[in-house]
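Work through these exercises with the sequence and the structure side by side. Try each task before you read its solution.

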Amino acid sequence: MKVMITFALNNHFKIGLMASFSFLVAFALAPTAWAIERANLSAELGEVKAEFSAKAGEDCIEDPKLRIERQGETVLDTSVDDHVFDESIACQVIDLKAQDLDGDREPEIILDFYSGETHCCSTSLIYSYNPDRDRYRVINHYWGNGDYTLEDLNGDGIPEFNSRDDSFAYAFADYNASRFPPQIWRYQENKMHDITRDFPDRIYSHAYQLWIEYSLLRDKRRQGLSPEEVKVRPQIEQAVLAAYLANKYLLGQEEDGWGRLSQVYWWRDRNDFFSDLDRFLRRTGYIPEL
Ligand SMILES: [Ca+2]
Ligand SMILES: [Ca+2]
């Protein structure tokens with residue numbers, strides 16, 4: 001049960017805490033073994049109903065199963081383990097949702113898991129109905145250390161997965177100092193599409209916040225740092241500037257971004273940082289391949 005402490009990290013994980021808490025309560029109160037050994041979640045939209053069940057294992061759930069009914073008839077009854085590429089991911093179930101993700105009025109079923117490590121890792125399984133075959137198909141989307149909220153960010157009636165780019169975790173600094181550009185996904189035709197660039201206002205706002213954060217760091221540096229602070233300060237500044245520059249690439253303002261970085265970052269590893277950052281942004285797709 002130790003992993004549950006980590007669920008208090010953010011809203012998404014709080015749902016997991018609540019789900020896990022039901023295990024705890026059950027363990028404390030239930031007089032018989034059969035009453036405590038299963039976790040159940042259900043979600044329903046229109047004529048589609050999904051039910052998740054699993055046994056409560058020592059640290060992780062065991063034998064996770066999903067059943068989907070349409071008009072009262074079972075169309076899918078499956079072991080979720082078969083759909084999770086890395087079995088360690090399915091340690092805790094966080095949430096089960098029935099929601100139309102692509103605007104075709106057919107609900108998709110979303111099952112969210114957490115692997116049980118400290119702030120890592122969450123994964124969604126998304127099941128969608130294929131009417132031609134009367135079957136459900138599934139995709140697996142890995143969120144890493146982050147998570148998402150499902151929100152209609154642009155008011156078109158279709159929800160977006162509002163998340164962040166987890167590839168920045170540990171890239172330039174430790175986890176707590178790492179900064180993450182926004183990443184927004186849309187589900188369509190049984191695939192997840194990165195549509196972050198369609199939201200320039202959000203990207204701009206995040207870049208602006210990071211620049212303010214960097215300015216405060218710079219002010220503090222001018223006032224003087226302790227020897228301990230000097231040791232870690234380059235990495236902290238790099239993490240902020242890396243996420244800032246990624247946002248500038250998303251906005252098509254990379255020239256201005258590089259100009260600002262070269263004006264402000266003067267630590268001894270300046271040249272190494274700039275070449276590492278260039279390489280990193282190429283690898284993560286912010287700088288397009290020619
Ligand atoms: Ca749909
Ligand atoms: Ca939308």
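**Exercise 1.** Find out whether threonine 123 is buried or exposed.

*Solution.* Start with the rule. A residue is buried if 20 or more other C-beta atoms lie within 10 Å of its own, exposed if 12 or fewer, and partly exposed in between, with C-beta atoms placed from the backbone. Now apply the count. Threonine 123 has 21 other C-beta atoms within 10 Å, so threonine 123 is buried.

The model is predicted: local features need pLDDT of at least 70, side-chain atom pairs count only at pLDDT 80 or more, and totals for chains, interfaces and linings use all residues. Residues are numbered from 1 along each chain as its sequence is written, while chains are lettered from A and ligands numbered from 1 in the order in which they are written.

**Exercise 2.** Describe how strand 7 pairs with strand 6 and with strand 8.

*Solution.* Two strands pair if DSSP finds at least two bridges between them.
- Take strand 6 (residues 108-117). Strand 6 runs antiparallel to strand 7, and seven bridges join them. Here glutamate 117 stands opposite cysteine 120.
- Look at the turn. Two residues separate strand 6 from strand 7 in this hairpin, and histidine 119 has a positive phi of about 40°.
- Take strand 8 (residues 135-144). Nine bridges link strand 8 to strand 7, again in the antiparallel sense. Tyrosine 127 has valine 138 as its bridge partner.
- Four residues lie between strand 7 and strand 8, and aspartate 134 takes a positive phi near 50°.

**Exercise 3.** Which residues of the largest nonpolar core touch the most other members?

*Solution.* A nonpolar core is a set of buried Ala, Val, Leu, Ile, Met, Phe, Trp, Tyr and Cys residues joined through C-beta atoms within 7 Å. The largest core has 25 residues; Val240, Ala242, Ala243, Tyr244 and Leu245 touch the most other members. Helix 3 (200-223), helix 4 (227-250) and helix 6 (270-283) each supply at least two residues of this core. Helix 4 gives the most, with eleven residues. Another core lies apart, with 22 residues, including Cys60 and Ile126.
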